[in-house]
Amino acid sequence: MPILDTSDIRKYYMTGYNESFLAGILLPIPKFRTELSAELFSKGKVFHYPNYSVVMNGSPDKRSPVIVCLNIDQGQLKETKRTDRWRIDPRIGVAHQLDNDYYANNPWDRGHMARRASAAWGNTVRDAQYASDETFYYSNSTLQHENLNQDEWLGLEDWVHQLDLDKDGKITSMCGPIYADFDRSIRPSGRQIALVPAGFFKVVCFISNATEKLDVRAFIIYQDTEALSDKRGRTRYDNQTYQVTITEIEERTGLLFEDSIYEANPLYFSDTNTKPEENVIILPEEIEI
């Protein structure tokens with residue numbers, strides 16, 4: 001077997017999100033409404049990393065992922081080391097990503113959208129370690145308060161990581177930030193202002209071990225007063241508190257998911273007459289802090 005040079009190795013590993021990851025189901029990266037399309041970096045170019053892919057928001061006051069799509073193979077997850085070596089992705093450029101200036105000396109964590117531990121899988125430990133290391137790009141992070149990132153959001157990520165409702169150990173996760181009309185903002189000394197997301201969504205897709213059909217769970221967790229008050233939320237954590245319809249996520253983000261995802265979310269079959277948009281809490285971001 002010929003020896004691969006560095007570029008070949010990177011190409012080999014950078015396979016990115018696989019829309020055919022779930023057996024018999026095609027789940028492409030969502031489409032975008034017109035307003036959101038106008039904000040996309042490089043016309044919505046998809047940037048591939050090991051086991052996940054990213055579409056970036058090119059708006060100067062956001063510079064964050066629009067959506068991050070991750071494949072998780074529970075059967076190939078490996079124990080890996082956390083490097084914490086955060087980097088700018090040169091393909092996107094420093095001008096279009098929030099670097100460490102925006103996360104230093106404040107309560108805002110570099111919140112992984114594709115979780116390191118869930119991306120750390122492959123045929124070998126080496127493959128998994130590489131995938132783990134490649135989650136530490138600023139293109140895969142957002143301004144997430146430490147009291148959310150290390151508490152309620154971590155609780156949701158643990159649930160996905162340990163999911164036992166799936167038939168074959170294969171899971172597709174799609175997540176990203178939600179911006180409101182009046183978001184918080186942060187401006188490091190000498191740097192351009194950046195908006196802080198009002199919250200985050202996560203759509204979890206898998207083949208059900210009960211029905212052997214596509215099953216979906218959708219969530220929104222806001223960076224609201226309750227979530228940011230402490231790090232004890234997981235003691236009373238309940239995923240159902242944050243479950244929403246796909247319609248609500250679409251309206252809050254400008255994303256357009258596949259019909260199959262919309263139809264497989266059990267909240268779609270609700271017997272109530274409550275409109276999805278009415279299932280939204282009052283955001284503290286309506287008042288600039």
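Ser 42 lies in the loop that runs between helix 2 (34-37) and strand 2, and in this predicted model the residue has a positive phi of about 50 degrees although it is not a glycine. Most residues other than glycine have a negative phi. Strand 2 (residues 46-49) has a covered and an uncovered face, and four bridges join this strand to strand 3 (residues 52-56).

**Positive phi in loops**

- Ser 42 is partly exposed, its relative accessible area being 40%, and its positive phi is about 50 degrees.
- Asp 84, found in the loop between strand 4 (65-73) and strand 5 (108-112), is another residue other than glycine with a positive phi, here near 55 degrees.
- The relative accessible area of Asp 84 is 38%, which makes the residue partly exposed, because that term covers values between 20% and 50%.

**Strand 2 and its two faces**

- On the covered face of strand 2 stand Phe 47 and Tyr 49, whereas Val 46 and His 48 belong to the uncovered face.
- Val 46, one of the residues on the uncovered face, stands opposite Val 55 in strand 3.

**The hairpin of strand 2 and strand 3**

- Strand 2 and strand 3 (residues 52-56) run antiparallel and are joined by four bridges.
- Two residues lie between the strands of this hairpin, and within the hairpin Asn 51 takes a positive phi near 75 degrees.
- What phi does Asn 51 take in the hairpin of strand 2 and strand 3? The value for Asn 51 is positive, near 75 degrees.

Technical notes: Residues are numbered from 1 along each chain as its sequence is written. This is a predicted model: local features need pLDDT of at least 70, side-chain atom pairs count only at pLDDT 80 or more; totals for chains, interfaces and linings use all residues. Side-chain values use heavy atoms; hydrogens and water are left out. Buried means under 20% relative accessible area, exposed over 50%, partly exposed in between (1.4 Å probe, protein chains only). Two strands pair if DSSP finds at least two bridges between them.
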